[in-house]
Amino acid sequence: MTFVKEWELDPFDLLWKNFFDTKPHFNTLIDKINYPVDIYETDQGICFELAVVGLDKADIEILADGDMLRITHRKEKQEDSPYIYKGIARRSFDLAWKIANKYDLSKLKASLDKGLLKLEIPYANLKEPKRIEIK
């Protein structure tokens, strides 16, 4: 086997490895989200629940643009106090999802209760496909 450099593999070996690599070239939903979020479906639609303990309504921005749902919070830089122990993660987040057309994003309802932001998106009233007659 011919090596490109002493510590690198032959380009054929890299091609062979990538050919049998079963990991997809895109991140799955689980790999992407690094913020505490629950997403579940109900009889009325889809719900998103985010843990936003310590945040006020004014600290969170929710945007519904077309089929995109974006939830953001920008943390302002604060002076670090001399903590003995720091276990609460106070961080900014910018989360976005593309919402399927079976949900009506224009009827989104948001509520904040006890540090839990709940977004409810109802099902859309989908019309049956129109059958076109050929003349």
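Tyr103 is buried in this predicted model, with a relative accessible area of 11%. Its ring pairs with that of Tyr123, and the two are stacked, with 5.4 Å from centre to centre and 20° between the planes. Tyr123 counts as partly exposed because its relative accessibility is 32%, and the buried class requires a value under 20%. Tyr103 belongs to the loop between β5 and β6 (109-113), while Tyr123 belongs to the segment after β7 (116-122).

A search of the whole structure finds two aromatic pairs. The other one joins Phe48 and Trp97, whose ring centres are 4.8 Å apart and whose planes stand at 50°, so this pair is tilted. Phe48 is part of strand β2 (residues 45-51) and Trp97 is part of strand β5 (residues 93-98), so the pair ties together parts that lie 49 residues apart in sequence. Both Phe48 and Trp97 are buried.

The geometry of the pairs is set out below.

| Pair | Centre to centre | Angle between planes | Arrangement |
|---|---|---|---|
| Phe48 and Trp97 | 4.8 Å | 50° | tilted |
| Tyr103 and Tyr123 | 5.4 Å | 20° | stacked |

Apart from neighbours within four places in sequence, His73 is in contact with Leu55, Asp59, Arg91, Ser92 and Phe93.

Key: Residues numbered from 1 in each chain as written. Predicted model: local features only at pLDDT ≥ 70, side-chain atom pairs only at ≥ 80, totals over all residues. Heavy atoms only, no water. Contact = heavy atoms within 4.5 Å. Phe/Tyr/Trp six-rings, centres within 6.5 Å; stacked < 30°, edge-to-face > 60°. Helix = DSSP H or I, 4+ residues; strand = E, 2+ residues; numbered from the N terminus. Buried < 20%, exposed > 50% of the residue type's maximum accessible area, 1.4 Å probe, protein only.
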